[in-house]
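Subject: Structure for your review

Dear colleague,

Please find below the structure that I am handing over to you. My findings are set out after it, and I would be grateful if you would read them alongside the coordinates.

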Amino acid sequence: MTRLNELRLISRVAQMYHLEGRRQAEIAQHLRLSQATVSRMLKRAEAEDIVRTSVTPPVGTYSELESALREKYDLPEAIVVECTEDRDGAIMARIGEAAAHLLEVTLAPGEIIGVSSWSQTISKMVENIHPLKSAQAKYVVQTLGGMGDPSVQTHATQLTTRLARLTGAEPKLLAVQGVTTSREAKFLMQADPYVRETMDLFGSITLAIVGIGAVEPSELLARSGNIFSSRELSDLAEAGAVGDISLRFFDKNGKPVKTPLDDRVIGLPLEDLERVDRVIALAGGSKKIEAIAGALRVGVIDMLVTDKFTAQRLID
């Protein structure tokens with residue numbers, strides 16, 4: 001009977017706390033118990049199966065897919081968004097909306113944001129961000145060279161400066177070619193004091209927002225001029241490359257694919273990305289499944305924001 005009496009009191013404490021909404025201090029005073037005893041009883045209530053925790057995900061959320069992604073790819077976090085159409089444009093829009101909300105609620109004061117400026121999905125994120133009033137970032141750093149075809153080269157500059165304005169930060173632009181003509185040209189461009197000032201911040205980035213590309217470049221990147229030739233891309237594929245993060249390529253197992261082409265890219269290397277405290281990748285679409293799977297195995301991504309169609313394919 002002693003145990004039954006004990007469980008009866010524990011049940012009453014749990015009822016007052018969980019169903020009646022009373023604070024622990026109030027319960028302690030009402031039942032003439034210490035607050036420490038109330039706290040212990042609430043823990044016992046769970047251990048004795050008196051209280052059971054149940055989480056019912058709302059319609060339009062995909063906790064099972066998120067759990068499966070975390071488990072399969074040893075991924076710290078995943079966000080899977082609702083999308084009614086299995087089409088690139090619709091997928092990018094929904095991922096962008098979710099990423100914008102995520103940034104708004106998780107950005108810490110003084111953050112240094114690194115942004116991969118040639119991603120259409122990241123562009124959609126920036127379009128959906130509301131100006132932040134509380135948390136103010138320090139810098140928004142462009143992590144891949146932005147010069148290219150004059151008709152589209154302003155895209156990278158506008159994305160970086162707009163994100164900086166929305167987050168209250170100072171933009172740090174990388175106003176050079178993303179892909180140089182030679183290794184020597186890269187060293188020459190990096191010697192520019194303004195370029196050096198931006199690249200020196202790579203080691204201080206606290207939050208990196210990246211896209212994931214297939215070996216075949218996106219329409220935006222192709223039009224920018226910041227790409228390799230068809231022959232060079234073919235060589236990358238033959239070397240086992242399945243995708244890239246800011247033109248740093250990797251194979252299906254997440255191993256970096258190092259070729260002489262790597263020496264011509266002006267941007268954040270994967271080794272530096274690995275040291276960033278929080279890396280959020282935005283990616284989706286049927287053409288990128290192999291690239292996203294490889295990127296998740298690189299081991300630098302802390303959170304993937306994707307859509308339900310892509311998530312299912314990644315799990316299957």
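The notes below go from the whole chain to the sheet, the helices packed around it, the cores and a few single residues.

Overall picture

Please bear in mind that this is a predicted model. The chain contains 14 helices and ten strands. Its C-alpha trace spans about 85 × 40 × 30 Å along the principal axes. Of the 316 residues, 48% are buried. Among contacts with a separation of 6 or more, 74% are between residues 24 or more positions apart.

Seven strands form an open sheet in the order 1-10-9-5-2-3-4, and their pairing is parallel. The edges are taken by strand 1 (77-81) and strand 4 (170-172); each has a single partner strand, so one side of each has no neighbour in the sheet. From one strand to the next, the twist averages 20°.

Strand 9 (residues 278-282) is mostly covered, with four of its five residues buried. On one flank, strand 9 pairs with strand 5 (residues 207-211) in the parallel sense over five bridges. Strand 10 (residues 303-307) is also parallel to strand 9, and three bridges join the two. Which residues stand opposite Ala281 in these pairings? Val210 has Ala281 as its bridge partner in strand 9, and Leu304 is the residue opposite Ala281 in strand 10.

Strand 10 is in turn joined to strand 1 by five bridges, again in parallel. In that pairing, Val81 stands opposite Asp307 of strand 10.

Helices around the sheet

Helix 5 (residues 88-106) lies across strand 1, strand 5, strand 9 and strand 10, and runs at about 145° to strand 10. Helix 14 (residues 308-315) packs on the sheet as well, where it touches strand 1 and strand 10; the angle between the directions of helix 14 and strand 10 is about 115°.

Helix 13 is largely enclosed by the rest of the structure, because eight of its ten residues are buried. These buried residues are Ile289, Ala291, Ile292, Ala293, Gly294, Ala295, Leu296 and Val298. They pack against helix 4 (63-73), strand 6 (213-214), strand 7 (241-245), strand 8 (248-251), strand 10 and helix 14. Just after helix 13, Gly299 has a positive phi of about 95°.

Nonpolar cores

The largest nonpolar core has 43 residues, and those with the most contacts inside it are Ile212, Ile245, Leu273, Ile301 and Leu314. Helix 13 supplies the largest share of this core, seven residues. A second, separate core of 30 residues includes Cys83, Ala99, Ile129 and Val305.

What surrounds Ile245, if residues up to four places away in sequence are not counted? Ile245 touches Val210, Gly211, Ile212, Phe250, Leu270, Leu273, Ala295, Val300 and Ile301. Within this list, Ala295 belongs to the buried residues of helix 13, and Val210 is the bridge partner of Ala281.

Individual residues

Three further residues may be of interest when you inspect the model.

- Ser119 is in the loop between strand 2 (112-115) and helix 6. Its relative accessibility is 9%, under the 20% cut-off, so Ser119 counts as buried. A polar atom of the Ser119 side chain lies 3.3 Å from the backbone nitrogen of Thr121.
- Glu127 lies in helix 6 (residues 120-128). Is Glu127 buried or partly exposed? Glu127 counts as partly exposed because its relative accessibility is 43%, between the cut-offs of 20% and 50%. The C-alpha atoms of Glu127 and Cys83 are separated by 18 Å, and the two residues are 44 apart along the chain.
- Thr198 lies in helix 9 (residues 193-199). Thr198 has a relative accessible area of 3% and is therefore buried. Leaving aside neighbours within four places in sequence, Thr198 is in contact with Val141, Gln142, Lys172, Leu173 and Leu174.

Yours sincerely

Methods:
Residues are numbered from 1 along each chain as its sequence is written. This is a predicted model: local features need pLDDT of at least 70, side-chain atom pairs count only at pLDDT 80 or more; totals for chains, interfaces and linings use all residues. Side-chain values use heavy atoms; hydrogens and water are left out. Buried means under 20% relative accessible area, exposed over 50%, partly exposed in between (1.4 Å probe, protein chains only). Two strands pair if DSSP finds at least two bridges between them. A nonpolar core is a set of buried Ala, Val, Leu, Ile, Met, Phe, Trp, Tyr and Cys residues joined through side-chain atoms within 4.5 Å. Contact means heavy atoms within 4.5 Å. A polar contact is a pair of N or O atoms within 3.5 Å; within protein, one must be able to donate a hydrogen and the other to accept it, and residues adjacent in sequence count only if both atoms are side-chain atoms. Axes are lines fitted to C-alpha atoms, for helices over the stretch in contact, and angles run from 0 to 180 degrees between N-to-C directions.
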